[in-house]
Amino acid sequence: MTGLDAAGTSTPAEGQGSCGPECEQALGRLFAYVDRELEPGDADQVRQHIEDCRPCLDEIAVETMLKELVKRCCQDKAPEDLRVRIHAQLTTLRVTRTL
């Protein structure tokens, strides 16, 4: 079984099914991985970890099912004024972060 060290590189884990810092790091990037928001190299590292770690594989399966359930159940479109306010806030956050 492999994990991810602080630099995000693969490292051997201590025991089959054990969850340690490498699992915490992989799970910390889980939502970004499920949403396909990670850079290709980071996604490969998370993918390798979850392929080798049953607890993390189970966790990603739950998160993926939850995301699909929300997507299926929440088909309503947000009111236009709410969408505009959210877009404006995200734009403001993005501009603030890059400055």
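The model is a predicted one, in which local features need pLDDT of at least 70 and side-chain atom pairs count only at pLDDT 80 or more, while totals for chains, interfaces and linings use all residues. Residues are numbered from 1 along each chain as its sequence is written, and side-chain values use heavy atoms, with hydrogens and water left out.

Within helix 4, Cys56, Ile60 and Glu63 are buried, where buried means under 20% relative accessible area, exposed means over 50%, and partly exposed lies in between, with a 1.4 Å probe and protein chains only. Seen down the axis of helix 4, these buried residues fall within an arc of 60°, so they line one face of the helix; the arc is that of the directions from the helix axis to the C-beta atoms. An α-helix has 3.6 residues a turn, so residues three or four places apart point the same way.

The buried residues of helix 4 pack against helix 1 (21-28), helix 2 (30-34) and helix 3 (40-52), contact meaning heavy atoms within 4.5 Å. On the face turned away from this buried side, helix 4 carries the exposed residues Arg54, Met65, Arg72 and Cys73. Leucine 66 is also found in helix 4, and with a relative accessible area of 45% this leucine is partly exposed.

The structure holds six salt bridges, each being a side-chain nitrogen of Lys or Arg within 4 Å of a carboxyl oxygen of Asp or Glu. One of them joins aspartate 35 to lysine 67, with the closest N and O atoms 2.0 Å apart. Aspartate 35 lies in the loop between helix 2 and helix 3 and lysine 67 in helix 4, so the pair ties together parts that are 32 residues apart in sequence. Aspartate 35 is partly exposed at 33% relative accessibility, and lysine 67 is partly exposed at 36%.

Another salt bridge links aspartate 42 with arginine 29, the closest N and O atoms being 3.5 Å apart. Because aspartate 42 belongs to helix 3 and arginine 29 to the loop between helix 1 and helix 2, this pair ties together parts that are 13 residues apart in sequence. Aspartate 42 counts as partly exposed at 30% relative accessibility, whereas arginine 29 is buried at 17%.

A further salt bridge brings together the side chains of arginine 85 and aspartate 81, at 3.9 Å from N to O. Both residues lie in helix 5 (residues 80-98), four residues apart, about one turn of the helix. Arginine 85 counts as exposed at 54% relative accessibility, and aspartate 81 as partly exposed at 49%.

The last stop is arginine 36, which lies in the loop between helix 2 and helix 3. Arginine 36 has a positive phi of about 55° although it is not a glycine. Most residues other than glycine have a negative phi. At 79% relative accessibility, arginine 36 counts as exposed.

Conventions
Helix = DSSP H or I, 4+ residues; strand = E, 2+ residues; numbered from the N terminus.
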